[in-house]
Every structure is written in structure tokens, then in C-alpha cells.
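This briefing covers how one chain is put together. Look through the sequence and the model first, then read the points below.

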Amino acid sequence: MNTTTAKRVIKRQFNIIIDEEKKLKRILSMETNEEHPEALFSGLYSRAEQHLEEIVKAQNKIVLLQNLINPE
């Protein structure tokens, strides 16, 4: 396996994680008012979960590539 290519892909995945973390922090910083029913916030919760899913996907790809580069 070409380690240079793998390292570039890993770096790209790290950039995705950083970008998704910024988006997630922005969503989590939004003010929520306890006076409103929770159903109004379902879209906000869904967006937060989507960003978490993207972070997990990128982390899994990094682990897989690292295992391919350095098999134990």
C-alpha cells in the first residue's frame, strides 16, 4: 500500500472531523428555550446527530487506513 496516499486520505479525514466539529459546536451553542415543546427542536437534534455520524465515519476510515498501513 502506498503510505503517502494513505496519509493524505487520513489528513483529509481529519479535516472533515474538524469541519464537522465546528458545525456541531455551532448547533450546540444555539439557544433553546425550555418554554417550547421538545418537538420543535427535533430538527436541531437531527442535524446534531448527522454531524456526529459524519465524525464517526471519518474516525472509522482513519482507523482502517492506519491498520492497513501498519498491520499488527
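Helices (H or I, at least four residues) and strands (E, at least two) are DSSP runs, numbered from the N terminus. The model is predicted, so local features need pLDDT of at least 70 and side-chain atom pairs count only at pLDDT 80 or more, while totals for chains, interfaces and linings use all residues. Residues are numbered from 1 along each chain as its sequence is written, and side-chain values use heavy atoms, leaving out hydrogens and water.

**Helix packing**
- Helix 1 and helix 2 pack at an angle of about 160°, and their axes lie 9 Å apart (axes are lines fitted to C-alpha atoms, for helices over the stretch in contact, and angles run from 0 to 180 degrees between N-to-C directions).
- Helix 1 is therefore roughly antiparallel to helix 2 (the term applies to angles over 145 degrees).

**Nonpolar core**
- The largest nonpolar core has 12 residues, including Ile-10, Leu-24, Phe-41 and Ile-62 (such a core is a set of buried Ala, Val, Leu, Ile, Met, Phe, Trp, Tyr and Cys residues joined through side-chain atoms within 4.5 Å).
- Helix 1 (3-28) and helix 2 (42-69) each supply at least two residues of this core.
- Helix 2 gives the largest share of this core, six residues.

**Glu-20**
- Glu-20 lies in helix 1.
- Glu-20 is buried, with a relative accessible area of 9% (buried means under 20%, with a 1.4 Å probe and protein chains only).
- Not counting residues up to four places away in sequence, Glu-20 touches His-51, Glu-54 and Ile-55 (contact means heavy atoms within 4.5 Å).

Conventions
Buried means under 20% relative accessible area, exposed over 50%, partly exposed in between (1.4 Å probe, protein chains only). Angles under 35 degrees count as roughly parallel, over 145 as roughly antiparallel, 65 to 115 as roughly perpendicular and the rest as oblique.
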